[in-house]
Amino acid sequence: MKLTRIEPRSGTALLLDKGQSLTVVDPAGCQVADLLAFSRDDVREVLSNGRTFDYEEMIRLSVGNRLWSNRSPPMLEIIEDTVGRHDFLLTPCSRDTFRHFYPDKPEHRGCFGNLAEALAPWGIAEDDIPVAFNCFMNVPVRFDGKISVDPPISNPGAKITFRAEMDLIIGLTACSAYASNGGAFKPIDYRIE
């Protein structure tokens with residue numbers, strides 16, 4: 001099936017029916033994609049990192065793990081993963097992120113702004129945007145609890161595939177933050193099957 005491209009530092013929203021799969025591809029390598037999921041039946045039901053960590057009993061999620069909603073049903077299952085390193089701790093980058101971490105760089109609305117614009121047609125407001133599942137993002141957690149944001153370990157063509165467990169609205173970006181992407185910004189591709 002044909003891939004659809006998300007240009008660097010931009011985002012989109014799409015519909016994913018129960019049983020369909022969504023494959024997110026890092027075509028050039030070392031690029032993060034923020035992913036959100038909302039129930040089409042009620043957009044107040046949303047992807048939850050807390051429920052997911054609780055029910056999956058781990059923070060390093062890969063094949064066989066499910067991503068759960070704030071209301072406790074599973075929303076997505078990871079069915080293929082060529083990287084095995086993703087983040088579900090950090091929020092989408094935003095103008096505030098740029099002011100905080102990159103005061104010497106041009107300000108950008110970031111993934112947060114891109115997601116808010118893409119999801120607005122479904123009545124999803126900025127305050128409804130939760131922590132994203134950050135495909136390919138490399139956030140090591142040290143023994144003392146300290147975290148860092150390191151360049152992704154994804155090579156060109158790396159991919160992760162999710163199967164929908166309910167009818168979903170998906171938000172997806174090609175991340176805009178410097179540290180998350182090793183200082184360069186590249187596209188993200190996706191396909192629905």
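**Core and sheet**

Tutor: The largest nonpolar core here has 32 residues, and those with the most contacts inside it are Val-24, Leu-35, Leu-76, Phe-133 and Phe-162. The model is predicted: local features need pLDDT of at least 70 and side-chain atom pairs count only at pLDDT 80 or more, while totals for chains, interfaces and linings use all residues. Residues are numbered from 1 along each chain as its sequence is written, and side-chain values use heavy atoms, leaving out hydrogens and water.

Student: What is a nonpolar core?

Tutor: A nonpolar core is a set of buried Ala, Val, Leu, Ile, Met, Phe, Trp, Tyr and Cys residues joined through side-chain atoms within 4.5 Å. Buried means under 20% relative accessible area (1.4 Å probe, protein chains only).

Student: Which strand supplies the largest share of this core?

Tutor: Strands (E, at least two residues) are DSSP runs, numbered from the N terminus. Strand S8 gives the largest share, four residues. A second, separate core has twelve residues, including Phe-38, Val-46, Ala-116 and Ile-124.

Student: What is Leu-76 in contact with?

Tutor: Contact means heavy atoms within 4.5 Å. Leaving aside neighbours within four places in sequence, Leu-76 touches, among others, Leu-16, Leu-35, Phe-162 and Ile-170.

Student: In what order do the strands of the open sheet run?

Tutor: Two strands pair if DSSP finds at least two bridges between them. The six strands follow the order S1-S10-S3-S8-S6-S5, with antiparallel pairing. The edge strands, S1 (4-6) and S5 (66-68), each pair on one side only. S5 and S6 pair over three bridges, and Arg-66 stands opposite Glu-77 in S6.

Conventions
Buried means under 20% relative accessible area, exposed over 50%, partly exposed in between (1.4 Å probe, protein chains only).
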